[in-house]
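Student: Please show me how to read this structure, one feature at a time.

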Amino acid sequence: MVIRRVLAPRIDFGALRRELGLPEGFPAAAQREADAAAAAPPRPTVDRTDIPFVTVDPASSRDLDQAMHLARRPGGGYRVRYAIADVAAHVTPGGALEEETWRRGQTVYLPDGHVPLHPLTLSEGAASLLPDDDRAAVVWTIDLDADGATVAVELERALVRSRAKLDYTGVQAAAEAGRLPEPIALLPEIGDRLTARGLRRGAINLPLPEQDVEPDGDGWRLVLRGPVPMEEHNAQISLLTGMAAADIMLAGGVGLLRTMPAPKPEAVQRLRAAAAPLGVHWPDGAGPGEVIAGLDAAQPRSAAFIDQAAELMRGAAYTAFDGARPEQPEHGGVAAAYAHVTAPLRRLADRYATEVCLALHEGREVPDWSRAALPRLPEVMASTDRTASAASRGAVELTEAVLLEHRVGETFDAAVLDVDAPPNGKSRPRPPGGTVALDAPPVRGRCLGALPLGERVRVRLVTADPAARTVLFELA
């Protein structure tokens, strides 16, 4: 759901690309390997083209990693089939293409075009699960009971064929009209059960609206959008698969997990202390995730509380292991062991983790090329995570500064999302302030002054510098 949008003039994102050292094209040898793989795609011996899979992604996406089919099981419960693009079947270990994907780590998205992990002949062509074409995939079949608990997991390499490329907005409209396509008609029902199970475990989901920069004719538009319910349901299927993958790898004694420490008790106490002043009811016995799930992020006080809750989600990392079980195998936000396996077109780690899962499930040795990669992946993924985050953040900050460049001195309505912690005697003193979110245009920025957390205020723009990609407000 688009909450707010505003048009911005022409913007050159080239300086940001150069600053981050993003590659402009693929080396010739890597491109040749990709083109050859696309010209002679793998055809697995197991044929699952009779299953009417569909994909659900942003409307403009063509690098389609996942396709799903949902059904009821005889006797009760559900069968989730999740087809994931089989990227490893297209990439030769030790080749030029594999080497280049290690340099990139993941796809980086910018408003004027993304920097893909794989050449487009694969990522938006022969390896993508585009509709009406046969594709190699790793198919996860996960059986659930009526409450959404996993009772059986199977995975296999198979040939699949997606029947339709669906998008979140269209799927949400279809759900509200009661006309979801049959392959995903059960998605709201299954999604609700998986979400409820997650909250009971202690999972935490932060439904913060995202800022995006999108092309609009000769200019750009800055968009603030919140996740629609069907997007959250879709995410639950990915989480379900990631937890199944983690269980397989932990049982097999080798793999790569996505980990994060559980929220520290003192951080939960600070959040609980912030609840009452912000008018947030925290029932006895409820966990942070359950409290957050009942809030409307569009309300300023709720948005401020959710922003404070982000402090609980610190320390995400990739953890490789081979032999000894990791000391801390769980992801605090998921409240379970979890692994990345569902986006191999866009994320390097998923290719290797998936190969480990396949080998362990089939009772064979993990291929040397996959096993040897595991200890190297955490550093590569951490580095490229920082690059991808810097690209997204930098694009929004540049757009905000360009948008407001000629409005210095004007005042705006805003909500206070965050307030600086008081100085502790060790840090350098600085003027009081915090973070505000403007009503219009949809800008978040630093604001100076004694800000009341979760309240609405008037702020004055004092700086908007596109060269430095900064905006600064003061309490009016």
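Tutor: Let's start with a term: buried area is the accessible area (1.4 Å probe) that two parts lose on being put together, summed over both. This is a predicted model, where local features need pLDDT of at least 70 and side-chain atom pairs pLDDT 80 or more, while totals for chains, interfaces and linings use all residues. Residues are numbered from 1 along each chain as its sequence is written, and side-chain values use heavy atoms, without hydrogens and water.

Student: How much area is buried between domain 1 and domain 2?

Tutor: About 680 Å², with carbon and sulfur atoms giving 80% of it.

Student: Where do the domains run along the protein chain?

Tutor: Domain 1 takes 2-261 + 322-399, domain 2 takes 266-309 and domain 3 takes 406-475; such bounds come from an automatic or database domain assignment. Over residues 45-363 the chain is 33% helix and 25% strand, and the end C-alpha atoms are 19 Å apart. Helices (H or I, at least four residues) and strands (E, at least two) are DSSP runs, numbered from the N terminus.

Student: How do the axes of α11 and α13 cross?

Tutor: Two packed helices are described by the angle and the distance between their axes. Axes are lines fitted to C-alpha atoms, for helices over the stretch in contact, with angles from 0 to 180 degrees between N-to-C directions. Those of α11 (348-362) and α13 (377-404) come within 10 Å and cross at roughly 150°, so the two helices are roughly antiparallel (over 145 degrees). Leu348, Ala349 and Tyr352 in α11 meet Leu377, Val380 and Met381 in α13.

Student: And what angle do α5 and α7 make?

Tutor: Helices α5 (168-176) and α7 (229-252) cross at roughly 105°, with axes coming within 8 Å. That makes α5 roughly perpendicular (65 to 115 degrees) to α7. Tyr168, Val171, Gln172 and Ala175 of α5 meet Pro229, Met230, Glu231 and Asn234 of α7.

Student: Which peptide bond is cis?

Tutor: The one from Ala440 to Pro441, with omega near -5°. Pro441 is in the loop between β14 (433-438) and β15 (444-448). Another backbone feature is at Asp132, which has a positive phi of about 70° although it is not a glycine. Asp132 lies in the loop between α4 (120-126) and β5 (134-144).

Note on methods: Angles under 35 degrees count as roughly parallel, over 145 as roughly antiparallel, 65 to 115 as roughly perpendicular and the rest as oblique. Contact means heavy atoms within 4.5 Å.
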